Amino acid sequence: MKVECKISADYKEPYAVLHINKMTETIAEIISMLEKENANSLTLIAAKDKKTYFIKPEDISLVRTEGREIVCYDKLKNRYTLDKPLYELENILSIYFVRISKSAIANINQIDHVEAGFNGTMELVMKNGVTDYISRSFRKNFKERLGLE
């Protein structure tokens with residue numbers, strides 16, 4: 001495989017373009033490593049009690065809408081408000097998070113367990129005790145993302 005790397009101060013954010021004729025397991029692993037590299041430097045700005053906090057994505061367990069606010073819960077169950085819309089946060093956090101409903105995304109690494117409920121619903125329980133429901137329309141994607149299907 002031919003590899004070319006260009007280093008320039010003109011690049012504000014690193015990016016990679018791969019020209020391949022088919023996806024292989026090795027290339028998929030490389031893509032995953034590159035995505036994680038960028039995510040490791042990511043920090044979200046959140047608010048709580050009129051203070052601003054800088055939170056790493058791996059410390060967040062769940063992000064959801066509550067009324068008109070976008071909120072997140074950290075590992076200790078602290079509640080913060082965020083100023084970005086949920087769809088934008090989903091794009092930013094896609095390495096760590098999976099969509100569970102129209103109003104929530106969950107950190108894959110912070111899931112404690114899933115409980116089957118009535119009428120085909122599934123309750124998601126995070127390691128910090130926060131719960132939410134996986135809607136039927138997102139259940140298939142959730143299972144695929146976690147390798148359950």
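These legends walk through several close-up views of one predicted chain.

**View 1**
The chain is a predicted model in which local features need pLDDT of at least 70 and side-chain atom pairs count only at pLDDT 80 or more, while totals for chains, interfaces and linings use all residues. Residues are numbered from 1 along each chain as its sequence is written, and side-chain values use heavy atoms, with hydrogens and water left out. You will find three helices and 10 strands here; helices (H or I, at least four residues) and strands (E, at least two) are DSSP runs, numbered from the N terminus. Read from the N terminus on, the order is α-β-β-β-β-β-α-β-β-β-β-β-α. The C-alpha trace spans about 55 × 40 × 25 Å along its principal axes.

Of the 149 residues in the chain, 30% are buried; buried means under 20% relative accessible area, exposed over 50%, and partly exposed in between, using a 1.4 Å probe and protein chains only. The accessible surface comes to about 10600 Å², and carbon and sulfur atoms hold 51% of that surface. Those areas come from the Shrake-Rupley method with a 1.4 Å probe, and for residues only the protein chains shown count as cover. The chain carries 23 positive and 22 negative charges, and their mean positions are 3 Å apart. For this tally Lys and Arg are positive, Asp and Glu are negative, and His and the chain ends are not counted; each charge is placed at NZ of Lys, CZ of Arg, CG of Asp or CD of Glu. Among contacts with a separation of 6 or more, 41% are between residues 24 or more positions apart, where contact means heavy atoms within 4.5 Å.

**View 1. An aromatic pair, Tyr53 and Tyr80.**
Rings of Phe, Tyr and Trp (its six-membered ring) pair if their centres lie within 6.5 Å, and planes under 30 degrees apart count as stacked, over 60 as edge-to-face and the rest as tilted. The ring centres of Tyr53 and Tyr80 are 5.3 Å apart and the planes meet at 65 degrees, so the pair is edge-to-face. It joins distant parts of the chain, with Tyr53 in strand E2 (residues 51-55) and Tyr80 in strand E5 (residues 79-82), 27 residues apart. From C-alpha to C-alpha, Tyr53 and Tyr80 are 8.5 Å apart in space. Tyr80 is buried at 8% relative accessibility, whereas Tyr53 is partly exposed at 29%.

**View 2. The surroundings of the two tyrosines.**
Leaving aside neighbours within four places in sequence, Tyr53 is in contact with Leu44, Ile45, Ala46, Lys48 and Tyr80. Lys48 lies over the face of Tyr80, at 5.6 Å from the ring centre; a charge sits over a ring if NZ of Lys or CZ of Arg is within 6 Å of the ring centre and within 35 degrees of the ring normal. Asp83 belongs to the loop between E5 and helix H2 (86-92), and is exposed, with a relative accessible area of 66%.

**View 3. Two lysines with positive phi.**
Most residues other than glycine have a negative phi. Lys50, not a glycine, has a positive phi of about 60 degrees. Look for Lys50 in the loop between strand E1 (44-48) and E2, where it is exposed at 89% relative accessibility. Lys77, likewise not a glycine, has a positive phi of about 75 degrees. Its loop runs between strand E4 (69-74) and E5, and Lys77 counts as partly exposed at 45% relative accessibility.

**View 4. Asn107 and its contacts.**
Asn107 is in strand E7 (residues 104-107) and is buried, at 1% relative accessibility. Not counting residues up to four places away in sequence, Asn107 touches Pro57, Glu58, Ile60, Ser61, Tyr96, Phe97 and Met126.

**View 5. Ile20 and Pro57.**
Ile20 sits in the segment before helix H1 (25-40) and is partly exposed, with a relative accessible area of 38%. Ile20 and Pro57 are 37 residues apart in sequence, and their C-alpha atoms are 31 Å apart in space.
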